[in-house]
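The structure comes first, then the notes.

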Amino acid sequence: MSTLNSKIPQGPLSEKWTRYKAEQKLVNPANKRKLDVIVVGTGLAGASAAASLGALGFNVKIFCISDSPRRAHSIAAQGGVNAAKNYQNDGDSVGRLFYDTIKGGDYRAREANVHRLAEVANSIIDQCVAQGVPFARDYGGLLDNRSFGGAQVSRTFYAKGQTGQQLLLGAYSALSKEIKAGTVKMYERREMVELVMKDDRARGIITRNLSTGELERHSAHAVVIATGGYGNVYFLSTNAMNCNGSAAVQCYRKGAFFANPCYVQIHPTCIPVHGDKQSKLTLMSESLRNDGRIWVPKNIDDSVAIREGRMKPTDIKEEDRDYYLERRYPAFGNLVPRDIASRAAKERCDAGYGVGTGQAVYLDFKTAIERLGAEKVEARYGNLFQMYEKIVDENPYETPMMIYPAVHYTMGGLWVDYELQTTIPGLFAAGEANFSDHGANRLGASALMQGLADGYFVLPYTVQNYLSDQIHTPRLSVDSPEFMEAEKSVKERMEKILSIKGTKTVDTLQRDLGHIMWEKVGMGRQREGLLEAIPLLAKLKNEFWSNVRVTGDLCSMNPELEKALRLADHIELAELMARDGLQREESCGGHFRLEHQTEEGEAKRDDENFMFVGAWEYKGEMAEPALHKEVLNYEFIHVQQRNYK
Amino acid sequence: MNLTLKIWRQDNAKSKGRFQTYKVTEISPETSFLEMLDILNEGLVDKVEHPVCFDNDCREGICGMCGLYINGRPHGCDDGVTTCQLHMRKFKDGDVITIEPWRARPFPIIRDLVVDRSAFDKIIQEGGYVSVTTGGVPDGNAIPIPKKQADQAMDSASCIGCGACVASCKNASAMLFVGAKVSQLALLPQGKPEAALRVQAMVAKMDALGFGNCTNTYACEAECPKEIKRSNIARMNREFLCAKTCSEE
Ligand SMILES: Cc1cc2nc3c(=O)[nH]c(=O)nc-3n(C[C@H](O)[C@H](O)[C@H](O)COP(=O)(O)OP(=O)(O)OC[C@H]3O[C@@H](n4cnc5c(N)ncnc54)[C@H](O)[C@@H]3O)c2cc1C
Ligand code: FES
């Protein structure tokens, strides 16, 4: 396809990145100061990119949606971060991390990108240790590891159950250092609301100051989007409240292709939904599956008795428990990848074996407590157990936890080439906001790895390569027609929303959207449901633009308006997700089409027809988007049916 | 349950604030405190009134964004939790709940229950980091760190920067917050080279920003949702004294 050039360097897989770095163009220090880079989002990807680009000498501006970069969504990651250090001497290597990631992604990721990710992963650990990240250590004082789903080695580095927090605070400290040095300027409580282009290049953004409501114009030579994923399209997810895909949609409307929107990860171990006023779902880290065993009763009558409160889980004898993951997947057991564990839970609950409300299974630590002692279990998972108890009001040391799958992560995102550049020159995307490394399913502890790889070790090279051509491009005035026009159009959009004064609150419409998506574009998808989703979403869009009620005004703090703007974009994105799910007539990773499964109920890929990245191009409000295909060539990996048995 | 809420409303930093009374009904005990406020706000939007502004993001006690002063206690009546982790099962039918923002001069109010805590970032920018840039660092296992020390550093590093320590202190002191960061880095070999400079710079900034002194009441420790220990303050004082004596020598 002529429009999609992934710019993969020549040469053997393991030499591509080295070769790229050797051939990449540099910018001299005096010129760096004259080049401005905007980074949007202060999660792991954004903070690490801004700190690294600032340290190189570029003039960086970073935009943070909350009051401090230390609060970005990455902070919530619990389990850990992968790297192929092979400190455990259990046979790990860059090649194996690469292979596991490609296989975990169900052979829908680009080989060259994933190999680079595996190569730089080790440097992430070194970098974080040097920053003072207090990773867990063993008694000899060396770094400790745990296992995560989809891997047979122990390669996950962690800091209690707060790995994301510690990594983000590390990146935040690096950022703080650069802010002090004056190379990075921080704009807090700002939300990007529009991308500004000139001569078909990204040249700046419009932001809304969330404290005052003011619209502001910021110009640059390159823009990095690091705004995270779009799981909140489903309303209920494990994502933080401020997570949203709006910035990516803004870029999509300006011409950046959106890749694989239908690849959504449903995490198997979340606290089940309790009521209709619930605002978000809480994840129980995947690391719990290292020691916890997942089960439901073997006899359906026991499940009914538990649901009706006549029996307790502890009443069910060992031989009457169905450890269904261990039964179905003896090789990986409770540590099968997320998509598989999630579907298996849904299958049991749909068949009537669920506990709690019927939409829950048990995660039991009885065996672990017997084997290791409660103290050791507490040392490993204490804060997670406490978190669970605060929410559910039950003690997981005594009674098994209840869990159920929930929307967690989005593998899809802005299409990027090897340089993490979108189809708009000068517009880069990093972290969860891009589509690049996880194919159709992400392995646990690989998102933190990818965010930091992009920010610390990839963008500093590739953005520089782009900017080397821009040293003669003068700064674009924020009073130029491009900026005025962009600001005017967002302002009109906001005024339009405020003027509707309808009867439906944003929350109500958001819940409606979540409902449509969970039912029709959720864990098990079907052609019929996907076809139904598209007109339902069109109707919702119409309802939004004719009947939403948003109080307050433009020029002051107004969270209702913020939510409404994001919702409008989420409805558009939802439609794209349904379309993408519809065109992909196969099952792979997080995209499970009920029509395409094996006799045992496993995902059935169609490599012949669907071994491509589906990248969507916006064609205007009234027109249907166009699908472009980036064919995936597996030169080095032998493609197989994924098997965890 | 049915509840009466007395909530601080203030349009912006300059305007005068006031308490306003609201009723919420049929709140279930599983609802979280912030979900209860969501329900209130949805009702206000229905009546075309301004919803109450309050900060929040992760809603699982880790980002430190939420922070409400509930019935006279930062983050409310439950121990070791943030506001977003507080559940309505801790209240009973008919309760009157007073909700205020953090009250401390270095944290000016932006709107309603939202305050500006950027003073914390300014303190960190003075030295709450190890001065390394990307790349060129030694292998992660090059320097073994005794497990106990690493665990202690982790405990200090658990601070979420919510500001409850400042809000609970009659002097609006930030010693627990600063002490936790100073301790984390002082405990680790990576933080040692700059330890003396760091503690002096951070303490100076903390004073300059108008945070008060510590008079050993330790309300901060009692109210910290992450149970950060007062020993962090002691370590900071030690580090500070050491740094001062060394620099005078
Ligand atoms: C509960 C939970 C646990 C997890 N645990 C793990 C784990 O153990 N290991 C692992 O590898 N991964 C884990 N993940 C996934 C991982 O945390 C994320 O994928 C990763 O942190 C994303 O980083 P990021 O920098 O790309 O984006 P984010 O951290 O999401 O940062 C993007 C930021 O940009 C903000 N933003 C959005 N739109 C705008 C805008 N228009 N303007 C300005 N700012 C904007 C967002 O609010 C957000 O703060 C977990 C995820 C969750 C939800
Ligand atoms: S909202 Fe993140 S700690 Fe409460």
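A backbone N or O atom of Met192(A) lies 2.9 Å from a nitrogen atom of ligand 1, a polar contact being a pair of N or O atoms within 3.5 Å. The model is predicted, so local features need pLDDT of at least 70 and side-chain atom pairs count only at pLDDT 80 or more, while totals for chains, interfaces and linings use all residues. Residues are numbered from 1 along each chain as its sequence is written, chains are lettered from A and ligands numbered from 1 in the order in which they are written, and side-chain values use heavy atoms, with hydrogens and water left out.

**Ligand 1**

- Ligand 1 lies between chains A and B.
- Around ligand 1 there are 36 residues, of which Ala45(A), Ser74(A), Gly79(A), Glu432(A) and Leu448(A) come nearest; a residue counts if one of its heavy atoms lies within 4 Å.
- A polar backbone atom of Gly79(A) is 2.8 Å from an oxygen atom of ligand 1.
- For Leu448(A), a backbone N or O atom lies 2.8 Å from an oxygen atom of ligand 1.

**Helix 6 of chain A with helix 2 of chain B**

- Helix 6 (residues 163-181) of chain A packs against helix 2 (residues 118-125) of chain B at an angle of about 80°, and the axes are 8 Å apart.
- Helix 6 of chain A is therefore roughly perpendicular to helix 2 of chain B (65 to 115 degrees).

**Helix 3 with helix 6, both of chain A**

- The axes of helix 3 (residues 44-56) of chain A and helix 6 of chain A cross at roughly 30° and come within 8 Å.
- Helix 3 and helix 6 of chain A are therefore roughly parallel (under 35 degrees).
- On the helix 3 side the contact includes Ala47(A), Ala51(A) and Gly54(A), and on the helix 6 side Leu168(A), Ala171(A) and Leu175(A) are among the residues.
- The residues of this contact divide into 10 nonpolar, two polar and one charged.

**Helix 7 with helix 17, both of chain A**

- Helix 7 (residues 246-253) of chain A and helix 17 (residues 559-583) of chain A pack at about 65°, with axes 9 Å apart.
- Helix 7 and helix 17 of chain A are therefore roughly perpendicular to each other.
- Among the contact residues are Val249(A) and Tyr252(A) of helix 7 and His570(A) and Leu573(A) of helix 17.
- This contact has four nonpolar, three polar and four charged residues.

Methods. Axes fitted to C-alpha atoms, helices over the stretch in contact; angles between N-to-C directions. Helix = DSSP H or I, 4+ residues; strand = E, 2+ residues; numbered from the N terminus. Parallel < 35°, antiparallel > 145°, perpendicular 65-115°, else oblique. Contact = heavy atoms within 4.5 Å. Nonpolar A, V, L, I, M, F, W, Y, C, P; charged D, E, K, R; others polar. Polar contact = N/O pair within 3.5 Å; in protein donor to acceptor, adjacent residues only side chain to side chain.
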